[in-house]
Amino acid sequence: MGILWFIFIFISLTGHGDAHGPDICNHAGGLCRVGNCISGEYLTSYCFEPIILCCRFVLPTAKKN
């Protein structure tokens with residue numbers, strides 16, 4: 001019976017939300033971070049929702065002359 005609970009928990013964690021995993025985050029130029037994005041980064045998606053975030057650096061805007 002205990003193994004059934006383990007399988008249930010594993011399936012529910014992998015199918016939760018729109019989490020895509022670290023491969024998708026890294027491919028999009030982001031980094032997986034636990035808790036919060038650091039200064040200069042913004043949240044793009046989740047590596048593992050809702051704890052591990054996919055954060056990406058804010059690109060500097062181009063100045064027009």
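Colleague: Is C25 buried or exposed?
Modeller: C25 counts as buried, because its relative accessibility is 3%. Keep in mind that this is a predicted model.

Colleague: And which cysteine forms a disulfide with C25?
Modeller: C54 does, and the two sulfur atoms are 2.0 Å apart. The pair links distant parts of the chain: C25 belongs to helix 2 (residues 22-27) and C54 to strand 3 (residues 52-57), 29 residues apart. C54 is also buried, at 1% relative accessibility.

Colleague: What is the handedness of the link of C25 and C54?
Modeller: The link is right-handed, with 95° about the S-S bond.

Colleague: How many disulfides does the structure hold?
Modeller: There are 3 disulfides. Counting bonded cysteines along the chain, the pattern is 1-5, 2-4, 3-6.

Colleague: Take C32 next. Which cysteine is joined to C32?
Modeller: C32 is joined to C47, with an S to S distance of 1.9 Å. The link is left-handed, with -85° about the S-S bond.

Colleague: Why is the disulfide of C37 and C55 left-handed?
Modeller: The torsion about the S-S bond is about -80°, so the disulfide of C37 and C55 counts as left-handed. As for cover, C37 is partly exposed, with a relative accessible area of 22%, and C55 is buried at 1% relative accessibility.

Colleague: Change of topic. How many helices and strands are there?
Modeller: The protein has 2 helices and 3 strands. Starting at the N terminus, the elements run α-α-β-β-β.

Colleague: What is the strand order in the sheet?
Modeller: The order is 1-3-2 in an open sheet of 3 strands, and the pairing is antiparallel. Strand 1 and strand 2 are at the edges and have a single partner strand each, so one side of each has no neighbour in the sheet. From one strand to the next, the twist averages 40°.

Colleague: What holds paired strands together in general?
Modeller: Strands of a sheet pair through backbone hydrogen bonds, in a parallel or antiparallel way. Here, strand 1 and strand 3 run antiparallel and are joined by 4 bridges.

Colleague: Which residue in strand 3 is the bridge partner of L31?
Modeller: That is C55, the cysteine that forms a disulfide with C37.

Colleague: Last thing, the whole chain. What share of the residues is buried?
Modeller: Buried residues are 14% of the 65 residues in the protein. The protein exposes about 5,500 Å², and carbon and sulfur atoms supply 66% of that area.

Colleague: And what share of the contacts with a separation of 6 or more comes from residues 24 or more positions apart?
Modeller: Such residues account for 32% of those contacts.

Conventions:
Residues numbered from 1 in each chain as written. Predicted model: local features only at pLDDT ≥ 70, side-chain atom pairs only at ≥ 80, totals over all residues. Heavy atoms only, no water. Disulfide = S-S within 2.5 Å. Buried < 20%, exposed > 50% of the residue type's maximum accessible area, 1.4 Å probe, protein only. Contact = heavy atoms within 4.5 Å. Areas by Shrake-Rupley, 256 points an atom, 1.4 Å probe, with all protein chains shown as cover. Pairing = 2+ DSSP bridges. Axes fitted to C-alpha atoms, helices over the stretch in contact; angles between N-to-C directions.
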